[in-house]
Amino acid sequence: MKKLLAILLLTAVTLSASGCDFLQEGSLRDLDYVTSLEETYVQNCMDRLTEALKTQDTQKIKDLFSRRAQKDAEDLDAAIKNLQEQVGDGVVSWEKLPMASSSEGHQYYGSQSMMISVWTSIKTDTQEYAVLLQGIYEDTDEPDHEGLFALLIFREHYLDLDASWSDWDEPGLHFPRTTLEESHAEEYVAKRMEQLTEALQEQDREKVKSLFSIQDLANAKDPDASIEELFSLMGTNVISWEILPDGIESRRNYSRIRLTSWVSLKTDTGEFVVMLLDFPLNESKPAEQGLCSIQVFSPPYEDINKNHVTPLTPGVHIFADTERGEE
């Protein structure tokens with residue numbers, strides 16, 4: 001499916017008969033330029049989706065997706081269950097949004113494929129969600145491709161989003177986030193530090209390793225030895241820790257959230273500054289979701305030159321001055 005979409009996007013020839021051009025004013029495109037057939041397709045999809053949410057009908061939601069997307073999507077059933085739990089049955093209404101929605105018609109070797117990418121929103125009795133609907137509503141060569149390819153559900157207000165999400169190429173139902181809100185980021189860091197301090201106090205190497213993503217743990221250089229060095233440096237008695245001023249940075253890179261945090265950690269052997277590079281969410285590459293790097297420095301925090309820090313180096317890295325740590 002990805003290969004097909006890539007070919008279609010790279011060799012796109014918009015059908016003049018469809019009347020669907022990339023008409024744009026600033027960052028917005030007027031949805032009134034889509035054809036009546038496409039309007040009907042979107043109307044039908046969203047009516048079926050909201051009705052299925054109201055009745056909590058799992059199969060009806062699944063049936064919105066093409067047979068190919070159902071086959072290729074990663075754990076679609078779990079994602080649908082997640083959607084039902086988050087949105088609930090209190091759906092009030094839906095509407096199209098004034099964002100960069102588009103439709104395309106493609107002809108290749110006598111066949112025809114009609115694709116659409118439309119921004120909508122679903123309003124419930126407690127919250128409003130931005131929804132990006134991506135589908136193929138006609139494919140004369142591959143009928144299994146007809147239906148939704150991807151449905152992206154955003155918790156953020158639609159004005160905080162941009163058109164780059166229309167480049168999404170992962171089939172299925174997804175809940176991408178543009179950022180990790182400050183309050184949620186602090187909660188996430190607190191949970192991560194609880195896990196780390198527990199592993200330190202128990203001197204449990206496997207617990208430390210379990211915090212890392214599968215990919216980064218595999219790429220780390222001699223993780224067992226570096227974790228033992230961490231244990232030796234910090235001991236078993238963690239006295240306290242706290243997030244340092246301006247010590248959290250969260251940002252999006254398409255389908256993943258990158259969270260960098262700086263924490264002060266005090267043990268019975270000394271005080272340390274700890275940097276954690278974490279990927280709390282990675283929709284497209286689940287094997288890269290989790291901790292990437294733990295780096296330990298000597299205080300003061302203000303003296304650390306962050307320009308010389310390479311956070312993407314996987315594993316545990318000790319840069320602390322042991323003698324200063326023991327003072």
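Is Asp224 buried, partly exposed or exposed? Select Asp224 and show the surface: with a relative accessible area of 28%, Asp224 is partly exposed. Keep in mind that you're looking at a predicted model.

Lys209 and Asp224 form a salt bridge, with the closest N and O atoms 3.0 Å apart. This pair ties together distant parts of the chain, since Lys209 belongs to helix H7 and Asp224 to helix H9 (residues 223-234), 15 residues apart. Lys209 has a relative accessible area of 16%, so Lys209 counts as buried, because the cut-off for buried is under 20%.

Keep Lys209 selected and bring in Glu206. Here's another salt bridge, with 3.6 Å between the closest N and O atoms of Lys209 and Glu206. These two share helix H7 (residues 205-210) and sit 3 residues apart, about one turn of the helix. Glu206 is partly exposed, at 49% relative accessibility.

Together with Glu206, Lys209 and Asp224, they make up a network of salt bridges.

Next, hop over to helix H4 (residues 67-72) and pick Arg68 and Asp72, which lie 4 residues apart there, about one turn of the helix. Their side chains meet in a salt bridge at 2.9 Å, N to O. Arg68 is partly exposed at 30% relative accessibility, and Asp72 is partly exposed at 32%.

Notes: Residues numbered from 1 in each chain as written. Predicted model: local features only at pLDDT ≥ 70, side-chain atom pairs only at ≥ 80, totals over all residues. Heavy atoms only, no water. Salt bridge = Lys/Arg side-chain N within 4 Å of Asp/Glu carboxyl O. Buried < 20%, exposed > 50% of the residue type's maximum accessible area, 1.4 Å probe, protein only.
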